[in-house]
Amino acid sequence: HENEIKDTHITGVDSLPPKNTWHPSAKKLRDTYAITPEAPLFQREFGYYCLEAWHQQGLPKDADLAALFHYDPPGNHYLFGLGGCEAAFDPEFTIEVIEDRGAYEVERDFAGRHVLYFKGRRDGFMPEYIDHPVKDWKTWEEDVKWRMNPETPSRYQDLEERMVSARQQAGQGLIIGQYVVGGYMYLRSLMGPEGVLYMVCEDPTLVHACMAAWFELADGVIARHQEYVTLDELLLDEDICFNHGPLISPDMMRAFLFPYYQQLISNIKSRQRDRNRHLYFHLATDGNLETVIPVYQELGMDAMQPFEVASGNDVVAIGRQHPGLVISGGIDKRILAAGKDAIDRHVEAILPAMRARGGYIPTCDHGVPEEVPLEEYLHYRNRCVELGG
């Protein structure tokens, strides 16, 4: 099957299409990834927590947000199937309420965690995780490990259909990316943030066993994807930082994460149908990420997001310190609720400098919160277009 796929040269897969045939958004985003000074800024948003409030303020429920807010059409196309904020279990745990606590209830979620909720309510607040599925070798092997099998047929049941779409986008020059739950976020979903720290000290071999399963699953799924496409980007959703820096030490990163990252990146590059294609390594983490930039650059990291301002990240300063880093985010979500004058001062301090530098995508530093009025967000978006070209 793989040999049949590779028999015919496919533009966008075995080589990039001619630049003059690229979709305009693909060209704009690739110029950003190339850190092209003075190139027009790519326009998109991180996400939303505000849509219900905006509907109450007059936003039609069928509104075309891309048109209203002047976003560019997508310049990339992501492949999924390897988790998000949790491990990519197949099958997932059965979701069920396991304890009644009066006004609260404890639910086992799809990732095997026990979560404390208001009774009958699942949205609009931060969940409180009170237990995690991996506590020792027994729980790992009996409850979790088998859910990480890369050969599980249901992982690939719609593969052909997904790859048709990916190839079409590749043929227009779009950046084809693979989205993967990062190793730390994966371990945190298995053990909890405190549990990870205890386990790296008390049973490091179990942590390595969990990471070996992460690698085998990611490598197996990505290998199947690479039969059909050449990857332009590997995006790890890591969330390894809090407001003062990393949640685990750089030495722990190098010991428990980096060997698996290095092998995965090496394997991906060795399988690329277009061997001349650069593979962008992109990392996403909340919190103050400044101190981990040089650590991940040891692996060849090219891009980061979302640079939360409340955690002390200054994208203009970081952009100067790391001229080869593609930066996305850095717009303070709190400022967007502080009035038009505050918005103007904020974006005027960031966008002209970052456009002159290149390699920057202005987005909110997390999902737009519900306290941001629609009118203020529209003003912000108009200023992004005005200052971004």
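Which residues does Leu190 touch, not counting residues up to four places away in sequence? Leu190 touches Ala87, Phe89, His132, Pro133, Val134, Trp140, Val144 and Cys210. Contact here means heavy atoms within 4.5 Å. The model is predicted: local features need pLDDT of at least 70, side-chain atom pairs count only at pLDDT 80 or more, and totals for chains, interfaces and linings use all residues. Residues are numbered from 1 along each chain as its sequence is written, and side-chain values use heavy atoms, with hydrogens and water left out.

Leu190 belongs to the largest nonpolar core, which has 95 residues. A nonpolar core is a set of buried Ala, Val, Leu, Ile, Met, Phe, Trp, Tyr and Cys residues joined through side-chain atoms within 4.5 Å. Buried means under 20% relative accessible area, exposed means over 50%, and partly exposed lies in between (1.4 Å probe, protein chains only). Tyr186, Leu190, Trp214, Leu257 and Tyr296 have the most contacts inside this core. Helix α9 gives the most to it, with eleven residues. Another core lies apart from it and holds nine residues, among them Leu29, Tyr33, Phe42 and Val326. In soluble globular proteins, nonpolar side chains tend to be buried together.

Helices and strands are DSSP runs, numbered from the N terminus: helices are H or I with at least four residues, strands are E with at least two. Helix α7 spans residues 183-191 and is mostly covered. Eight of its nine residues are buried. These are Gly183, Tyr184, Met185, Tyr186, Leu187, Ser189, Leu190 and Met191. They pack against α5 (137-144), β6, α8, α9, β7 and α10. Gly192 follows α7 and has a positive phi, near 85°.

Helix α8 (residues 193-202) packs with helix α9 (residues 204-226) at an angle of about 115°. Their axes are 5 Å apart. Axes are lines fitted to C-alpha atoms, for helices over the stretch in contact, and angles run from 0 to 180 degrees between N-to-C directions. On the α8 side, Met199, Val200, Cys201 and Glu202 take part; they meet Pro204, Leu206 and Val207 in α9. The contact comprises six nonpolar residues, no polar ones and one charged. In this count Ala, Val, Leu, Ile, Met, Phe, Trp, Tyr, Cys and Pro are nonpolar, Asp, Glu, Lys and Arg are charged, and the others, Gly among them, are polar.

Seven strands form an open sheet with parallel pairing. Their order is β1-β6-β7-β10-β11-β12-β13. Two strands pair if DSSP finds at least two bridges between them. The edge strands, β1 (76-79) and β13 (360-361), each pair on one side only. Strand β12 (residues 326-328) pairs with β13 in the parallel sense over two bridges. Tyr360 in β13 is the bridge partner of Ile327. Helix α9 lies across β1, β6 (175-181) and β7 (233-237). It runs at about 160° to β6.

Ile265 sits in helix α10 (residues 250-271). Its relative accessible area is 11%, so Ile265 is buried. Leaving aside neighbours within four places in sequence, Ile265 is in contact with Leu234, Leu279, Phe281 and Leu299. Ile265 and Arg121 are 144 residues apart in sequence and 41 Å apart in space, C-alpha to C-alpha.

Most residues other than glycine have a negative phi, and most peptide bonds are trans. A cis peptide bond joins Asp90 and Pro91, with omega about 5°. Pro91 is in the loop between β1 and β2 (96-101). The bond from Gln305 to Pro306 is also cis, with omega near 0°. Pro306 lies in strand β11 (residues 303-306). Phe307 has a positive phi, near 60°. This residue lies in the loop between β11 and α12 (315-321). Phe307 is buried, at 0% relative accessibility. Ile35 has a positive phi, near 50°. It is placed in the loop between α2 (24-33) and α3 (51-56). Ile35 counts as buried, at 18% relative accessibility.

The structure holds zero disulfides. A disulfide is a pair of cysteine sulfur atoms within 2.5 Å. Cys85 forms none because its sulfur is 15 Å from the closest cysteine sulfur, in Cys241, too far for a bond. Cys210 is in no disulfide either; the nearest cysteine sulfur, that of Cys201, is 15 Å away. Cys85 is partly exposed, with a relative accessible area of 41%. Cys210 counts as buried, at 0% relative accessibility.
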